[in-house]
Amino acid sequence: MATSWVYLFVVWDDSIYVISEETVTHVDKVIGKVTKYSDMDQYGGNFSNVYPKGTKYYSIKDVDPKIAIAVQDENGQFVKAIREGEYTYQKEYTEYIYQGLGIFAILLVGFIFFSKTRRN
């Protein structure tokens with residue numbers, strides 16, 4: 001089953017950045033790159049649904065990367081990507097794992113307690 005994306009994006013530093021149509025002329029330095037591409041599935045890390053693995057992210061001169069970054073497209077131009085918010089894909093699964101482990105620990109302690117009181 002394919003994922004239906006609302007917009008084109010990149011993920012960097014646990015944040016999702018929406019690709020705009022605005023080009024950037026004053027980039028500063030490389031801050032990351034796409035580590036996983038898919039237009040079908042969602043992944044963690046520096047993921048994109050439009051740019052291939054290896055596409056570089058840049059900071060923009062005089063712009064806080066928490067607001068926007070630049071992405072170098074296939075033509076060598078830099079396109080502005082605007083931060084939309086926190087990317088929670090991996091965190092959601094991690095929370096479920098911790099919740100499951102917590103419930104398991106409570107049940108285990110309860111079972112041990114019940115077993116000891118039953119023997120006495």
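A residue counts as buried under 20% relative accessible area, as exposed over 50%, and as partly exposed in between (1.4 Å probe, protein chains only). This is a predicted model, in which local features need pLDDT of at least 70, side-chain atom pairs count only at pLDDT 80 or more, and totals for chains, interfaces and linings use all residues. Residues are numbered from 1 along each chain as its sequence is written, and side-chain values use heavy atoms, with hydrogens and water left out.

**Overall make-up**

- The protein has eight strands and one helix, and from the N terminus on the order is β-β-β-β-β-β-β-β-α. Helices (H or I, at least four residues) and strands (E, at least two) are DSSP runs, numbered from the N terminus.
- Of the 120 residues in the protein, 32% are buried.
- The accessible surface comes to about 8500 Å², and carbon and sulfur atoms account for 55% of that surface. Areas come from the Shrake-Rupley method with a 1.4 Å probe; for residues, only the protein chains shown count as cover.
- Taking contacts (heavy atoms within 4.5 Å) between residues at least 6 apart in sequence, 57% join residues at least 24 apart.

**The loop between E4 and E5**

- Ser38 lies in the loop between E4 and E5 and is buried, at 8% relative accessibility.
- The Ser38 side chain reaches two backbone nitrogens: that of Met40 at 3.0 Å and that of Asp41 at 2.8 Å.
- Gly44 is found in the loop between strand E4 (36-37) and strand E5 (47-48). Gly44 counts as buried because its relative accessible area is 19%.
- Gly44 and Val11 are 33 residues apart along the chain, and their C-alpha atoms are separated by 8.3 Å.

**The helix and its surface patch**

- Phe111 sits in helix H1 (residues 89-119). Its relative accessibility is 55%, so Phe111 counts as exposed.
- Phe111 is one of the residues in a nonpolar surface patch of about 420 Å², together with Phe104, Leu108 and Ile112.
- Patches are made of residues with over 30% relative accessible area and no salt bridge; like charges are joined within 9 Å, and nonpolar side chains (Val, Leu, Ile, Met, Phe, Trp, Tyr) within 5 Å. A salt bridge is a side-chain nitrogen of Lys or Arg within 4 Å of a carboxyl oxygen of Asp or Glu.

Key
Polar contact = N/O pair within 3.5 Å; in protein donor to acceptor, adjacent residues only side chain to side chain.
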